[in-house]
Amino acid sequence: MLELRPNCEVCDKDLPPASTKARICSYECTYCKDCAEHVLNNVCPNCGGGLVARPIRPKTARRSGVGLSSQPASTKRVHTRYSAEEIRDFTDAVKNIQPEDR
């Protein structure tokens, strides 16, 4: 189950569970749409994978035990361990390779 991390790992912008601006990689590294597009060039600086829109977990439990009330989003904020220069160098090196070929 996705953690639904609460923030962008680059700029620390809040990304609540219903945000349509959240982007994730296959490891759930989480970024805002602006950072994903303009800083990271659709490259996760941790794994090199592509970034996609994060799904939204339903607020209302339409089935027993399923929804935010039963499976809340994470409150643990995560921040990148890489500097802006390290991110730029890494993403520049792979941004022109399609995610499925990385």
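This section describes the fold, the nonpolar core, the cysteines and selected residues of a predicted model.

The protein chain contains 2 helices and 3 strands. In sequence order, these elements follow the pattern β-β-α-β-α. The C-alpha trace spans about 45 × 25 × 20 Å along its principal axes. Of the 102 residues of the chain, 34% count as buried. Among contacts with a separation of 6 or more, 58% are accounted for by residues 24 or more positions apart.

The 3 strands form an open, antiparallel sheet in the order β2-β1-β3. Strands β2 and β3 (52–53) lie at the edges, each pairing on one side only. The antiparallel pairing of β1 with β3 comprises 2 bridges. On the β3 side, V52 is the bridge partner of I24.

The largest nonpolar core has 13 residues, and those with the most contacts inside it are C8, Y31, C44 and L51. Two or more residues of this core come from each of β2 (30–32) and α1 (33–39). In soluble globular proteins, nonpolar side chains tend to be buried together. With neighbours within four places in sequence left aside, Y31 is in contact with C8, E9, V10, L15, K21, A22, R23, L40, C44, P45, N46 and L51.

In helix α2 (residues 84–94), the residues I87, T91 and V94 are buried. These residues lie on the same side of α2, because they cover an arc of only 70 degrees around the axis. Helix α1 is included in what covers the buried residues of α2.

The structure holds 0 disulfides. The closest cysteine sulfur to that of C8 belongs to C11, and at 3.8 Å it is too far for a bond; a disulfide would require the two sulfur atoms to be within 2.5 Å. C11 is likewise in no disulfide, its nearest cysteine sulfur being that of C8. C8 has a relative accessible area of 0% and is therefore buried, whereas C11 is partly exposed at 42% relative accessibility.

A further cysteine, C35, is found in helix α1. C35 counts as buried because its relative accessibility is 6%, the limit for a buried residue being under 20%. Not counting residues up to four places away in sequence, C35 touches C8, V10, C11, L40 and N41. Both C8 and C11 are therefore in contact with C35, as the cut-off for a contact is heavy atoms within 4.5 Å. C35 and R102 are 67 residues apart along the chain, and their C-alpha atoms are separated by 20 Å.

N7 is placed in the segment before β1 (22–24). N7 counts as buried, at 0% relative accessibility. The side chain of N7 makes a polar contact of 3.0 Å with the side chain of D12, and also reaches the backbone oxygen of V78 at 2.8 Å. Apart from neighbours within four places in sequence, the contacts of N7 are with D12, K13, L15, T30, K76, R77, V78 and H79.

At 31% relative accessibility, D12 counts as partly exposed. The phi of D12 is positive, at about 70 degrees, although this residue is not a glycine. Most residues other than glycine have a negative phi. A positive phi is also found in N41, where the value is near 55 degrees. N41 lies in the loop between α1 and β3 and is partly exposed, with a relative accessible area of 26%. N41 is one of the residues that C35 touches.

Methods
Residues numbered from 1 in each chain as written. Predicted model: local features only at pLDDT ≥ 70, side-chain atom pairs only at ≥ 80, totals over all residues. Heavy atoms only, no water. Core = buried A, V, L, I, M, F, W, Y, C linked by side-chain atoms within 4.5 Å. Buried < 20%, exposed > 50% of the residue type's maximum accessible area, 1.4 Å probe, protein only. Helix = DSSP H or I, 4+ residues; strand = E, 2+ residues; numbered from the N terminus. Polar contact = N/O pair within 3.5 Å; in protein donor to acceptor, adjacent residues only side chain to side chain. Arc of directions from axis to C-beta. Pairing = 2+ DSSP bridges.
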